[in-house]
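Please consult the sequence and the coordinates alongside the text.

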Amino acid sequence: MKSEKKFVIGIDYGTDSVRSVLLDSEGKQLAQGVHNYRRWSEGLYCNASENRFRQHPLDYLEGLEATLKEVLEKVPQSVARQVKGIAVDTTGSTPVAVDKTGTPLALLDEHAENPNAMFVLWKDHTAVKEAQEITDLAKSWDGPDYTKYVGGIYSSEWFWAKILHTLRNDSAIREAAYSWVELCDWIPYELTGEQNVHNMKRSRCAAGHKALWHEEFDGLPSEEFLIELDPKLAGLRDRLFTQSYTSDEPAGTLSQKWALKLGLSEDVVIAVGAFDAHMGAVGGEIEPYYLSRVMGTSTCDIMVAPYEELQDNLVQGICGQVDGSVIPGMIGLEAGQSAFGDVYAWYKKVLFGPYKELINSSDLLSEVQKEDLLAEADAKLITQLSEQAAAIDDVDTGIVALDWLNGRRTPDANQLLKGAIEGLDLASDSPRIFKALVEATCFGAKAIVERFQDEGVRIEGIIGLGGVAKKSPYVMQTLANVLDMPIKIAKSDQICARGAAMFAATAAGLFEDVSAAKESMGNGFGTIYQPEADKASQYRELYQKYKSLGQTIEQRIEDQQQQEKVSK
């Protein structure tokens with residue numbers, strides 16, 4: 001008798017929305033659901049001028065319920081009855097203060113409108129000062145250098161810096177916070193219905209890459225280190241965690257509350273969570289020494305290598321190398337750019353903003369016409385700029401840009417850096433400026449590739465994942481030319497959610513390990529972008545101009561910092 005098919009659900013929490021997909025164990029996608037965060041889309045709780053980006057936990061909970069119900073409504077009940085596992089990936093580091101039950105403080109009435117009680121989104125850079133203090137202390141105190149496995153530099157995008165900044169600046173949160181948790185740990189915890197934060201299974205991925213967790217350190221940084229950093233951190237270590245878990249392990253099973261909401265069995269296994277790019281790399285069928293680039297608003301560049309080959313080679317200036325953070329049994333290495341698609345979105349906003357105001361204030365158009373015209377322009381602007389930029393014959397137009405509009409993640413994190421454009425003249429039009437911005441994001445990628453290679457880690461190929469990879473042929477061709485390497489694009493539109501589904505299947509026991517799930521559930525590659533030899537050689541020269549401009553901007557920032565120290 002033919003055995004009944006088994007199904008799993010992968011959930012992917014992005015910056016703007018959450019997506020869920022339902023797959024069978026052979027990788028066929030039966031349904032998907034998408035939910036845009038309402039409060040986030042309204043711009044609530046954020047202040048871009050202060051680099052403050054917060055998300056309310058209600059956005060996450062509403063999206064969780066909406067997308068799970070959507071995918072389950074699209075399939076027969078017989079399929080729903082055979083759902084065996086759920087796994088979740090999220091942005092990160094995106095931590096939140098919680099009480100002893102593991103409830104985010106923003107879900108309590110007294111803190112419901114306090115941004116500091118909400119999830120501190122990955123792109124929040126309010127903790128630059130605290131990140132520098134962590135780096136400086138790790139290298140100067142009498143104990144171990146806790147940054148040795150995260151590239152030697154601690155980032156304002158990460159766990160401890162965000163916690164310390166919040167504790168210093170909000171006494172109400174300092175008094176109310178029992179512990180802190182990552183989004184990728186909280187969603188599985190919520191689904192399993194646990195009520196004691198000490199029972200939360202913490203992600204190896206999040207702990208190792210962002211919270212300085214390592215077995216060599218007996219877990220997290222010592223109490224002595226944390227107190228020396230700031231006495232406000234006293235006692236927190238004991239209220240956090242000592243162990244971390246890879247995402248092929250169960251975090252628990254579905255709670256009665258969620259089982260009733262969704263019409264699923266309480267036997268559904270919930271996997272330990274991880275970050276989006278790390279699960280996305282698995283969904284994109286990553287292999288050792290292939291750089292998997294998840295390209296969206298930012299990028300996260302993921303690589304895996306066998307431990308016996310990498311050994312004690314610690315790559316400087318990246319976002320860490322962690323045993324089991326991507327594929328259990330291998331070392332996961334992470335790098336990335338703080339802004340990629342966000343650079344294009346910024347330029348679109350610059351161009352579109354005045355146009356939108358003019359159209360809205362026009363007396364010549366009806367409200368319906370205004371709405372339709374703006375919607376068309378919004379949808380087509382980047383596509384038109386891409387086509388016009390691709391038609392420019394000259395590789396070097398004289399314009400060079402930097403991609404550091406949201407600071408620099410890697411190599412060598414520095415969130416104080418700014419973007420720049422040089423070489424403008426009266427012939428510099430919108431397509432040429434857009435071309436320079438695209439090239440800048442690709443040069444930022446080349447700097448990451450160079451860092452790995454300079455540190456003795458080979459790169460055998462590039463895998464393109466995410467929205468930009470799927471939707472922007474011009475950007476991908478430019479990237480292939482700049483890197484002078486072929487780029488193969490994963491077919492799946494929801495690659496991170498597909499990767500999460502692979503972990504769900506493994507945690508539920510449908511496969512022996514993640515590699516077997518990846519082999520069975522992957523859906524291969526589509527477009528392959530080959531470098532154009534003539535342009536690749538010219539981009540090598542233009543890349544040197546990018547690096548020169550970068551050195552100028554870095555020196556200017558350093559000079560400003562020195563002046564500020566002197567004035568104090």
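The points below are grouped by topic.

This is a predicted model, in which local features need pLDDT of at least 70 and side-chain atom pairs count only at pLDDT 80 or more, while totals for chains, interfaces and linings use all residues. Residues are numbered from 1 along each chain as its sequence is written, and side-chain values use heavy atoms, with hydrogens and water left out.

**Nonpolar cores**

- A nonpolar core is a set of buried Ala, Val, Leu, Ile, Met, Phe, Trp, Tyr and Cys residues joined through side-chain atoms within 4.5 Å; buried means under 20% relative accessible area, exposed over 50% and partly exposed in between, with a 1.4 Å probe and protein chains only.
- The largest nonpolar core has 67 residues, of which Leu 333, Phe 452 and Met 476 touch the most other members.
- Helix H15 (residues 430-454) supplies the largest share of this core, 13 residues; helices (H or I, at least four residues) and strands (E, at least two) are DSSP runs, numbered from the N terminus.
- A second, separate core contains 42 residues, including Leu 64, Val 96, Leu 262 and Val 268.
- Beyond its neighbours within four places in sequence, Phe 452 is in contact (heavy atoms within 4.5 Å) with Leu 291, Met 303, Val 315, Ile 318, Leu 333, Ala 335, Val 457 and Ile 459.

- H15 is largely enclosed by the rest of the structure, because 20 of its 25 residues are buried.
- The end C-alpha atoms of H15 are 36 Å apart, which agrees with the 36 Å that its 25 residues should span at 1.5 Å a residue; the expected span is 1.5 Å times one less than the number of residues.
- Helix H17 (residues 473-483) is mostly covered, with 10 of its 11 residues buried; among them are Tyr 474, Met 476, Gln 477 and Asn 481.
- Asp 484 follows H17 and has a positive phi, near 55 degrees.

**Asn 116**

- Asn 116 is placed in the loop between strand S6 (95-98) and strand S7 (119-120), and it counts as buried because its relative accessibility is 17%.
- Its side chain makes a polar contact of 2.8 Å with the side chain of Arg 54, and another of 2.8 Å with that of Asp 170.
- A polar contact is a pair of N or O atoms within 3.5 Å; within protein, one must be able to donate a hydrogen and the other to accept it, and residues adjacent in sequence count only if both atoms are side-chain atoms.
- Not counting residues up to four places away in sequence, Asn 116 touches Arg 54, Thr 166, Asp 170 and Ile 173.

**Val 181**

- Val 181 belongs to strand S8 (residues 179-182) and counts as buried, at 0% relative accessibility.
- Thr 94 is 87 residues from Val 181 along the chain, and their C-alpha atoms are separated by 8.4 Å.
- Residues up to four places away in sequence aside, Val 181 touches Thr 94, Pro 95, Val 96, Val 98, Trp 186, Val 197, Met 200 and Arg 202.

**Cysteines**

- Zero disulfides are found in a search of the whole structure, a disulfide being a pair of cysteine sulfur atoms within 2.5 Å.
- Cys 205 is in no disulfide, and the nearest cysteine sulfur, that of Cys 184, is 6.4 Å away; Cys 205 counts as buried at 2% relative accessibility.
- The sulfur of Cys 496 is too far for a bond, because the closest cysteine sulfur, in Cys 300, is 9.2 Å away; Cys 496 counts as buried at 8% relative accessibility.
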